[in-house]
Amino acid sequence: IDNVSYGLICAGVPKKQAHERAMPLIKLVGLGGFENKYPYQLSGGMQQRANLARALCVDPAILLMDEPFAALDAQTREILQELLQDVWLETRTTFIFVTHNVREAVCLGDRVVLFSSNPGRIREEFRIDLPRPRDVSEIRMTPDFLALHREIWAAMKEEVLKAYARQKAA
């Protein structure tokens, strides 16, 4: 709870009040009962959930998440993708989610922005009009998901091949 409420305490919120604001977020991310544990006592997935609660505790309008699930195993990653959607439904915080995983981008996003390589510029934007809430394991089997995945993957592959050709020519 001290870890999750840290930003509030740094902002001058009294500790008791900071803890009162942190507790619902700890429960929201599924860590109720673990609020008095130290980070080293938590699994990697639990630590990521604590990170999410800590970031949300200061009530941001926008939250930038740069490859937050990259170091996790596939099962934990999928569980946290589901959790992130639940958190979004509850808080309506805008998440900017950086990932190299096209499936993850299509599954979680409302828009996917593909950047060019050196220099990084917006190459293309894709609208993701899949219904919410999304069951991560189910949505990946739908024709709409698969079509979007193929379209984005093809554009990404084309961009990578162009970058490779530029490097080779240089």
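Is E78 buried, partly exposed or exposed? E78 is partly exposed, at a relative accessible area of 29%. On that scale, buried means under 20% relative accessible area, exposed means over 50%, and partly exposed is in between, with a 1.4 Å probe and protein chains only.

Before going on, some ground rules. This is a predicted model, where local features need pLDDT of at least 70, side-chain atom pairs count only at pLDDT 80 or more, and totals for chains, interfaces and linings use all residues. Residues are numbered from 1 along each chain as its sequence is written, and side-chain values use heavy atoms, with hydrogens and water left out.

Back to E78. The side chain of E78 meets that of R140 in a salt bridge, 3.5 Å from N to O. R140 lies in the loop between helix 6 and helix 7, and E78 in helix 4, so the pair ties together parts that are 62 residues apart in sequence. R140 is buried, with a relative accessible area of 18%. As for terms, a salt bridge is a side-chain nitrogen of Lys or Arg within 4 Å of a carboxyl oxygen of Asp or Glu. Helices (H or I, at least four residues) and strands (E, at least two) are DSSP runs, numbered from the N terminus. Side chains of opposite charge can pair when their charged atoms come close.

By this rule the model has 12 salt bridges. Another one joins E104 to R77, with the closest N and O atoms 2.9 Å apart. This pair links distant parts of the chain, since E104 is in helix 5 and R77 in helix 4 (residues 74–91), 27 residues apart. E104 is buried at 2% relative accessible area, and R77 is buried too, at 15%. Leaving aside neighbours within four places in sequence, E104 is in contact (heavy atoms within 4.5 Å) with F69, R77, Q81, F97, T99 and G109.

E124 is partly exposed at 28% relative accessible area, and R123 is partly exposed at 24%. Through shared partners, salt bridges join R123, E124, E158, E159, K162 and R166 into one network.

Next, helix 7. Which residues of helix 7 are buried? They are F145, L148, H149, I152, A155, M156, E159 and A163. These buried residues pack against helix 5 (102–108), strand 3 (111–115), strand 4 (122–127) and helix 6 (136–139).

Last, the nonpolar cores. A nonpolar core is a set of buried Ala, Val, Leu, Ile, Met, Phe, Trp, Tyr and Cys residues joined through side-chain atoms within 4.5 Å. The largest has 29 residues, and L52, L84 and F95 have the most contacts inside it. Elements giving two or more residues to this core are helix 2 (15–28), helix 3 (44–57), strand 1 (62–66), helix 4 and strand 2 (94–98). Helix 3 gives the most, with six residues. Leaving aside neighbours within four places in sequence, L84 is in contact with L52, M65, F69, F95, F97 and L108. Apart from this core lies another, of 16 residues, among them A105, C107, I152 and M156.
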